[in-house]
Amino acid sequence: MKKGNNLSQGKEFVARDFLVRYGFILVTLISFVSFFATQDTFRLSTTFFSMLKYTSVVAITGLGIMLSMAVGGLDLSVGATAGMAVTLSAMTMVVYNKPAIVAVGLVLVAGILIGCLNAFLIVVLKIPDLLATLASMFAIMGLKLVPVNGRSVSSGMMMENGSTAPGKFTDAFLKIDSGQLGPIPYAVILWMLLTIACWLFLTRTTWGRAMYAVGSNPEASLLAGINVKLYRSLAYILSAFLASISGLILASRIGQGDISAGNSLLLDSVAVALVGTSVLAMGKPNAWGTALGAFLMGVVITGLTIAGFPYYGQDVVKGAVLLLALVFSFTLSRKKSRFISAV
Amino acid sequence: MKKSLEIRSVRKSFGSNEVLKGISFRIEPGEIVSLLGANGAGKSTLIKILSGAFTEFDGEILINDQPANISSPLQARSQGIETVHQKINEGIIAGLTVAENLLFDRIALGEISRLASPSKMVREARNVMKSLDLDWDDSILKDDVFNLGIADQQLLLLARALSHSPALLILDEPTSALSNAEVSRLFTIIQKLRADGVAILYVSHRLGELEELADRLVVLRDGVIQSIQTKPFEWADALHDMLGMDLRDSQFGIEEERGTEVLLSIKDAQIFDESKPWSIGIRSGEVTGVIGLLGAGKSELARALFGADKLKGGTLEFLGQAFKPKTPLDAIRNGIFLISEDRARDGILENWSISNTTSLPFLKKIASGKILNFNKETELATTLIERLRVVTESHKSTVDSLSGGNQQKVMVGRWLVQNSRLLLLDEPFRGVDIGARREIAQQIRDLVKAGNGAVIFSSDIDEILESADRVLIMVEGDVKFDSYLSETSRNEIIKKMSEVA
């Protein structure tokens, strides 16, 4: 009798472990296959790649958030940083009539500077991560409006002095989003390369190992001789850098300096990074999980849109996906996850 | 109301590790029973069962010969059982005043309104204190609890327990933070309680206290009651039962090492703001034991030598060179390693494998450039597992899944497998079973025989006697005594430790 009990209990554990490990991948596959089977438009390869292209912005921003989560924090300023990238690249090309390469360079430098600012607030001024990046989020959102007088920047717009803006979004810049290598959009290639880079960085280098250590237990890391301040700074700098890259893709897609760009990006990216922690029962922020989380969000949103699901219901779906992932990593998993609970 | 407590064939296991192997004894009203046992004997487990913290166990607890159901701390209290736990910070609630802390149980139960005015709170608190003959000023009662000294915090917790007029009182090392004067005041209170018919379970390592207080002595080792004594106590027998014959033998077998070269010289060190500066040399080739009560400044000294904190004053010289560690990294680069006191808080990374935990302080050594070499990492972990005989399925098992002793072997071993010049171990044997304890002690011994230095910081005299060659006694931040163990005695050490400046 007792033996039988143990056996069935064992089976339950196996099923549970399987769900915790592969549940999220399974859900992704099921959603993909069911849309694939029922929606004709979903089967088109162009749909597939444009879906990936649209997802890439959230995915790359999510990678940044994921890095900040790896050191036990959360970067709330990524959406604002991407929005800054949109306005700054528009200013550079439209108002100052500079080539795309200058716009890209300026945006990336500005991203790194924002990362340094966050690092300074958190590491030197010792403000808790969430509060520091919340403050810098507001500061960045506000500051980017000052030089453009709170207006969106577009080609041919009227300037303060009555003249017309001299420049425009150059073709080279627009290629960031619209360009393709064969059937694959540049943005998607960039997303994959950055995912691989983050994966290698976190799992194969001493830097990544140290960052996970800091996120897991800062005091223990310090006593193991890890330069905790350095790695926390590094995570926020990389996070802002990645956000500025996704801002460039966004700017290239919109083709104008829309001041509201990037506003919804923060929550979506937090969601994919959180979802990513549950993939393969990793229990910690990781690159491929984040990519898969973004992919599932893309599949579900695209599929439902094609099926005629109203756009205003999308957030409900995102919420449900996030909830499902959290059930996998908290309710079902027997491993305690320190990373997410800290958030 | 007077109550008796009976523990009948209580067993408790954690996984495959049986910690209590059938414990039975009885405490009558108006009796003080002392529980004596080394670390890991099962004392805390028993206390946690009696106080309602552990609810899953085999056996029975009887109160007044009726089976009692103690399924939560609250239920324990409602049946008249009060416990004063050893760890003070688990009882003190930061951010509240002394009065609020004193009345916390009643506030939590809603007996005192959460919105009661501070003056009412103080009035209530004063009544409680008066009934215990403690004359604490109103200004103290209104103060934040963190401004209390550690001894007063201990008294506060005791007062809180007594405010419920318990029939059964459990005291777990209540004097570890108290000075002599405070101890004697505590004893007066305890003896009064006994006269009132309270049944008391008293746990302490200090034999002198047990001699003075206890009516009966229950000696516990490895989860089994070895003997029960009534007055007059035979201490030699009790210690023999508590420590086990084999341990006693091995204790005599250790040959004292004496080093000659000063490895680290500490000059005019000041641990606390008001403490006296002192100088001392830590020698290689011998194990230095630093012993002192809780709050004597041992951890502060250890962390300062490691660069994790700063000394209030003084300078360090390592191998004849000025040594000013700003971070632990500076110390590690010089081969000075610290195994910190609280391994759960300051050492273990949740869900991290043995391999990853072992390599963390030495990532450079398992990497080519910045790229990790997993083979080297596995090799390092395997070396550790073999050398310290860590009981584990694989180097990939998480450290938190190991038993306390094996966890500590990993935490100590990850430093031992590297080239250390000076190993600082802060309470390395806490929560560690006797086997692991001896194995770790042996590794430390091998390390100093190879010409390195080791300092063991401990508040347990047996641990020091068992593992050190030289003993330094710290009292309130000051080093009061420096001697080789063969030139002093246990009694002298205990006496010096309890002397107050």
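Here is a short tour of the model, one selection at a time.

This is a predicted model, where local features need pLDDT of at least 70, side-chain atom pairs count only at pLDDT 80 or more, and totals for chains, interfaces and linings use all residues. Residues are numbered from 1 along each chain as its sequence is written, chains are lettered from A and ligands numbered from 1 in the order in which they are written, and side-chain values use heavy atoms, without hydrogens and water.

Start by selecting chain A. You will find 15 helices and 2 strands there (DSSP runs, H or I of at least four residues for helices and E of at least two for strands, numbered from the N terminus). Of the 343 residues in chain A, 51% are buried, meaning under 20% relative accessible area with a 1.4 Å probe, protein chains only.

Next, pick residues 206-216 of chain A, helix α9. Here 10 of the 11 residues are buried, so the helix is largely enclosed by the rest of the structure. Among them are A:Arg209, A:Met211 and A:Tyr212.

Now for the largest nonpolar core, which has 175 residues. Such a core is a set of buried Ala, Val, Leu, Ile, Met, Phe, Trp, Tyr and Cys residues joined through side-chain atoms within 4.5 Å. Its largest share, 13 residues, comes from helix α3 (residues 45-70) of chain A.

Move to chain B and select B:Leu424, one of the residues with the most contacts inside this core. Beyond its neighbours within four places in sequence, B:Leu424 is in contact (heavy atoms within 4.5 Å) with residues including B:Phe306, B:Phe337 and B:Val455.

Finish at B:Val98 and B:Leu156, which are included in a second, separate core of 55 residues.

Definitions and conventions: Buried < 20%, exposed > 50% of the residue type's maximum accessible area, 1.4 Å probe, protein only.
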